[in-house]
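Visitor: Mind if we go through this one together? I'll ask whatever comes to mind.

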Amino acid sequence: MKYTINIILFFSLLFTSCSDYLDAEMTDHVNPQNFYQTDAQIDQAIVGLYNTMMVIPKNRWFLSEVRSDNVWMQQETVSGASEICYFLNANLVSNGQVETAWKEYYKIAANANAIMEHIYTAHFTSEDMRDEYVGEVRFIRALAYFDLVRFFGNIPFSMTTFTAESSFDAKQSSAKEVYEQLIIPDLQCAAEQLRETFVRYNNKTSGTVGRPTQMAAKALLAEVYVTMCGYPLMDSSKKELAMSLLKEVIDYSKANNDKWWAKDIDEWNKMWMHENDNKYYLFEIQADIDANTSQGSTITPYTVDRSWNSRQYGGNNTMTNGNSYGYPYVEPGLRQYFMQKDASGNFVDQRAFGTITLTQPNGGSLSGNVCYYQKFWENKLKRETFGYSDMSASLLSKTSTWPQNFPVIRLENIILYYAELLGRSEDGISYLNKTRTRAGLTANRLSDFTTDEDYQEAVLNERRYELAEEGHRWFDLVRLNKWQTTLKNMFVTDGPTTTNPLLVGYADNVLPFTYLYPIPQQQLQVQDGLYHQNDGY
Amino acid sequence: MKQLIAILALLLMTLGIYAQREIKGTVVDDNGEPLIGATVKANDSNGTVTDLDGNFKITVDDKVKTLKVSYIGYKAGVIKLNATRSQYKLAMQLETTTIKDVVVIGYGAVKKGDVTSAISKIDGEEIEDRPVNNVADLLQGQLAGVEISNNSGTPGGKTTINVRGSVTLNDYVASGDDTDNTAPLYVVDGVPMDDDFDLSSFDAHDIASIEVLKDASSSAIYGSRGANGVIIITTKQPDKSGKFSITASANFSLQQVNKHIDMMSGSDYARWANAMANQRYVNTYGAQGGEADDGMLIRSTLTGKSNFNTINAGTAQDYLRDIRWTIPGHPGLTYIDWQDEAYRIAPQQQYSIAASGSNKQSNFRVSFGYTKQDGIIRGSGYERFSGSAQGQTKIDRFTFGVSIAPSLSVYNAVGTNSATDPINLNILTAVPVAEADAGVLTSSYPYNYYAFASDSSTNPVVRLENTKQERQLFRMLSNAYLKIDIWDGLKAEITGTWNMRLQSTRNFSPSTTKNLYRFNADGGEGMGTKGSWTDKKGHTFSLQALLNYNNTFGKHNVNGMLGWSISNTRWSDSSQTSAEDFVNDAVEGYTLNSADITKLDVAYTTPSRMVSYFGRGIYNYDNRYVVNFSLRRDGSSRFGENTRWATFPSFSLGWRISNEDFWPEDFIVNSLKFRMSYGKNGRSNIRPNAIKSSLTTATVYFDGVSQNGYKLSALGNVDLTWQKTDSWDFALDVGILKNRISFAIDYYIKHTGNMLYQMYLPAISGYETAYFNIGKIRSSGLDIEMKTINITKPFKWTSTLNIGFQTNRVLDLGGNDRIMSGTSAYGSGKTQILEVGERVGDYYLYDYMGVFTSQADLDSYPHVATAQVGGIKVRDANGDGKIDENDRIRCGNPRPDVTIGMSHRFSWKNWELYFLITSQFGGKIFAGQVGTKGFFNHPQGSYAGSRNMFAEYGENMWLSEENPGDGQTPAAWLTNSGYNYGGTTRNLYSSDYIKLKNITLSYKFRLPKKGLVKGLSVMLGIENALQWDRYDAGYSPESSAIQNSSMSAYDLVAYPTARIYSLGVKFSM
């Protein structure tokens, strides 16, 4: 009997509570609750934040370049790019590129918010370092929201993180609110707290190149003001603010031995080689050629025909390619502009070969409308032409072989904004001529322009030629309220050059509401009534 | 106090004094051999054992009327004493029928008649002779309400099992980490397995019985894990008869593909491609003067494409034709039937041997099985080594036992498991024409692909032969237990378990299998080779303690059980290396300096832990009324502190009406039982770390210098809690004509709520999805299981029939009205829908009407802007004059309404003939392959002519307004033949089928009783003998690219199921 009781006692021992046992520690991932504690960890989180930014070039390609009259989709495909190019407004609601862009920009913002939430409590060895990091993170957050607000207009915004439940509470705000409450304060803070060059305190010398500086923040803020001056906000009060910032950046460049300025056209063309990354831009999205990771530029694979890039790059077919996005040709009008040659057979605008393909990359001739952008495509021929050796074939056969950085802010952009805001004047024309003369074009004179409109048209065109493929064109057209006339004109003029008569008809799709993209259907469906769709869609 | 009572009882026993006498006797076994060491007892204090000759002597008093004889492995024997006699002989009966008379329930067993819940059972003997490797396949058609789908014939492939239409919402979000949320819980010899377990590592010869607990009252004892039903596997236990025995079996079979899909032949392809190229040329360049019989030169001039006859000409081939197509006999070309090249008649062999023995105290069983199956697709195969060893020994009240069952499975399956590039798609669509000198080596080193096909797809045969995709899975189940007979019917049991899994996957693709782009590359041989090696390992430890009490007091039978268990699983720590560009094709191993390492990765998993308390009581009065109550409390580490514990109660009632006094003795219905049950189950099928947020590594190169960091990756939800299912079951068990006919009818209804579902989040959160507990689904159905003995002598015929009907309804989707779900069809969105008030996962597609046969037709019917003549015409279902997403219609469900299994067994003298027929009705299958990139009728110009297609498509395709085909088949060559070409009803097929699943003829030799060899039989069988179905687009209506039982039925030409001819022999001694 005793024996029985002993056994029962033994069993009852087993039945003791084990609540601690059920607190299984997460061993497969880093848990945010015990991260963001030290400056080193904040630094790592910022590296993660840069990683989320790598998609910006791609999004600017699809949502800005393809949408604008810089890119002409030769072939209709149901998916992706052609819906954007042809203004297939009903389809855009569920367009994958649009939906992805929305998500990717918010991912940048959410990562920034997660850092901001902890950066003031994390242990820092230096307060200066903390200040600089705050400026950096806010700069990046502003950049993400700046694109979001320009593409989508009425968007939800937040400066804090969410739980699964609370993310359903964020409602949309007007574009103006987003600018005033988030973008401008963030950039003002960045302009104040960032340094002349980025200083990294974390006992490391590497990793300081490619991060924002005070001038980058001022330049971006200037661009924000320029944008607010234009359609649809038409906030002319921002003009003065913009001009003084633009001037400051230009003066800074001058005072520092023409920093960021390529002195001649040869140097300009070489600017688009990865060897010259981080020399010419105020801020750029980093890319690298590396055998093991996908760290290449996100824009290039979408801009080129598959059969071309495979012949040039050792034959990698696994990457996303131009083909399935419908032959993204350079718009025929723009191609013709670049193809012009003078009497001695030289290109009139010598930026031509740096910007577009004039022959096939293997030297073959082009036919029909075939012409691709190659600013961000270092094919063999282009490298050879500009005096660079070929890249290693084994590296090039990898899934991501696009080593060029992508400029977010370039001095030329700032100069041409300034020329625009100065208006038809000697001063304005002097800035306009800076990029023109470098490209081998004849300098303009004040007498060339009889009206302000003529002058503004010339600045806009110069921006198109200088900044082609960099994602500015669509924003310029919207800002200056010219997207409707320009795009309608593109369909009417270019349509007949194809075999598809439908394309002319797409002019009718360019409607007053199309300056914005629709809020992605998938996001509207997350919860009924959470967001209201942009007008017209 | 208790001790006092015991002492009193003991005292009372010794009080009476009676006259004494001596009894002698012999105890023998069923063959008349003496049993040594059998226990003979007059009462608790007076007993003896038999000697070497089986004799015993015992002195008893007059009051003793019977002697009880017991011996391990034999039924208890009784000797009735006669006052005048002193010499007795008793023949003991073997306890062979034990396993058949009881039904294993969770943590225990009950007599068949006492079962109060819905349990289906199958004995190992009934299935072990079939030439099928996966035990799960063998269960098909055997169990009512258990839907078993043979999704693919891949050697060693997984078979999905779905008990009573289990369904949950999380299947409908591709989450990556939980693929089959409706898989049942497996319990092997009383120990619950982890989520990853499947039956394929078992040799059927080691299985004694399989029980399926279908209703919640039986499965609730497994609480949180029983929601999808429980499958209990009882392995063969040592023979306890005191003898040594050996059984062995061997089986040899030949497998053959049982269907040939009618693709275009080489000559048909040439004819069609010629017509198509001409038509396309005329369509595009007709306005500029292009005519069908223009030669190469004119075409070249017109199209501006100068590189016609070279590889990589882009779209040039669209307008081009091979001049040889029009020359009779197509000189210089060869035709290839890729199905003939890739499929083969493949052998399979299976061997098993088991030895078992026992003596009075100890017993053991060891077994070994070996299976080698060559796949019917070249290069594929499966090999399994399985073993088991178990032993137990009894000392006094203690029984100690260990068991260990290792198995090693080796899978060779090139592309057969790939959801994105299944090898069959490659086989079917490879262009059937090649340059004569290249032949079957076309598109592989050193030959170009056939240039006029403008395609670079991989040569399937070379890919099969040269590519290596080998997976080795080592699995070991082991446990040790201690059982204690504490006191009169009270038993305790502690079991410790360690299960482990080691898996290593090895892939290598040499450059020979690549298309020509690779050979043109600078690297030469070795360039483009890819290899990877992945190791995964997992362990589960668990400890379980049970107290069992069973006793009978007159008409009252009481059974009680209390238990506790704890487990810790860490299931897939892994490491992976990938490399590419090896020195050459011969080097496969990792000589790191000669290949580029592209990935080096080590991943850990968060452990998943559980603590459970459970108990059950069964009360049976006079074999008439049975009441069963159970309660379980589970805590899981997958949930947050406040939500991790849940309680799962159940009860069931049984009434054996035929045991009542009023039941007429000779009534035609000889047995009738009514039973009903209710129970609550749970489910915790989420990632072990779903409640916690996590960060993932992220790299950035600042000015070419790599920096490592972290970014947000998953958002946790600490409020998550158990998914819960409430279910009811009402049933009748009936026996008629002395059980000549017996059947059980079960009706069930269950509500599953609080489902763990990954919902999309607003992107502002920074995340795509997070888990929530939402929704409610009701499922209900009817299971009928019937057994009949049709004829008994001399010819015996028995039959079984089981039928399962099931349906379900979505009752709530957490505030959403509808959620699109399922797999995306090519060129259109997801193919299935969840909608409140409707069945779960109905297909939701455009209603296919045919093609726009003419411009007039196109102009007169609503269409999308990009529609063209010759393209797809879909119905304007909502009649609003335009075609958009709202025109999709609900058009059937992937799950069948009814599944049926029927078997017949005829025996005559030494012969036996067995048939098994399975079928299902009312479901639909979506042929995902039709409209897949490059397949059949993919209407995107750049693929047209680049792949082979259905013969019928070539015949019937729209070519021009004058030549519109059958009006149902769109032009394959249009640049854009309309909206959503993949997601139309054209690609939806009925999945009804009737299949003669198995025929076995066996002959059992009559052997002398005393001989060494006890049994010898031979078998001839055909598996998957005949099939009727209506699925023309693929091999089998059971196919599914998604190994997920509740969605299934999205095919991508799964590996065909083979017809197997087999010859087997079975032997025992």
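Visitor: Which residue stands opposite B:D634 in β31(B)?
Guide: B:A646 does. Before we go on, this is a predicted model: local features need pLDDT of at least 70, side-chain atom pairs count only at pLDDT 80 or more, and totals for chains, interfaces and linings use all residues. As for conventions, residues are numbered from 1 along each chain as its sequence is written, chains are lettered from A and ligands numbered from 1 in the order in which they are written, and side-chain values use heavy atoms, with hydrogens and water left out.

Visitor: OK, and how do β30(B) and β31 pair?
Guide: In the antiparallel sense, over 11 bridges, with β31 covering residues 645–656 of chain B. Strands here are DSSP E runs of at least two residues, helices are H or I runs of at least four, and both are numbered from the N terminus. Two strands pair if DSSP finds at least two bridges between them.

Visitor: What about β29 and β30 in chain B, how many bridges there?
Guide: 12 bridges, again antiparallel, between residues 608–621 and residues 625–636. The hairpin has three residues between the strands, and B:D622 takes a positive phi near 55°.

Visitor: Which strand does β19(B) form a hairpin with?
Guide: With β20(B), and there are three residues between them. The two strands run antiparallel with 11 bridges, β20 being residues 362–374. B:S358 is opposite B:N363 in that pairing. β19 (residues 346–358) also pairs with β17 (residues 245–257) in the antiparallel sense over 11 bridges, and there B:L254 stands opposite B:P347.

Visitor: What's the strand order in the open sheet of five strands in chain B?
Guide: β10-β15-β16-β13-β14, with mixed pairing. β10 (119–123) and β14 (191–192) stand at the edges with a single partner strand each, so one side of each has no neighbour in the sheet.

Visitor: Do β13 and β16 run parallel or antiparallel?
Guide: Parallel, with four bridges joining β13 (residues 185–188) to β16 (residues 230–235). B:V188 stands opposite B:I233 there.

Visitor: Switching to chain A, how many helices and strands?
Guide: 24 helices and six strands. Of its 537 residues, 63% count as buried. Buried means under 20% relative accessible area, exposed over 50%, and partly exposed in between, using a 1.4 Å probe and protein chains only.

Visitor: And what share of its contacts join residues at least 24 apart?
Guide: 71%, among contacts between residues at least 6 apart in sequence. A contact is heavy atoms within 4.5 Å.

Visitor: What span should it have?
Guide: At 1.5 Å a residue, α18 (residues 411–422) should span 16 Å, and its end C-alpha atoms are 16 Å apart, which agrees. The expected span is 1.5 Å times one less than the number of residues. A:G423 follows the helix, with a positive phi near 80°.

Visitor: How many aromatic pairs are there over all chains?
Guide: 68. Rings of Phe, Tyr and Trp (its six-membered ring) pair if their centres lie within 6.5 Å; planes under 30 degrees apart are stacked, over 60 edge-to-face, and the rest tilted. A:F151 and A:F152 make an edge-to-face pair, 6.5 Å centre to centre with 75° between the planes. Both A:F151 and A:F152 are buried. A:F513 and A:Y537 are edge-to-face too, because their centres are 4.9 Å apart and their planes are at 80°. A:F513 lies in the loop between α23 (502–505) and α24 (521–524) and A:Y537 in the segment after α24, so that pair ties together parts 24 residues apart in sequence.

Visitor: Which residues do ring pairs link into a cluster?
Guide: The cluster includes A:W102, A:Y145, A:F151, A:F152 and A:F475.

Visitor: Last one: which residue lies over the face of A:Y21?
Guide: B:R609, at 5.1 Å from the ring centre. The cut-off is NZ of Lys or CZ of Arg within 6 Å of the ring centre and within 35 degrees of the ring normal. Within chain A, A:R67 lies over the face of A:F87, at 4.0 Å from the ring centre.
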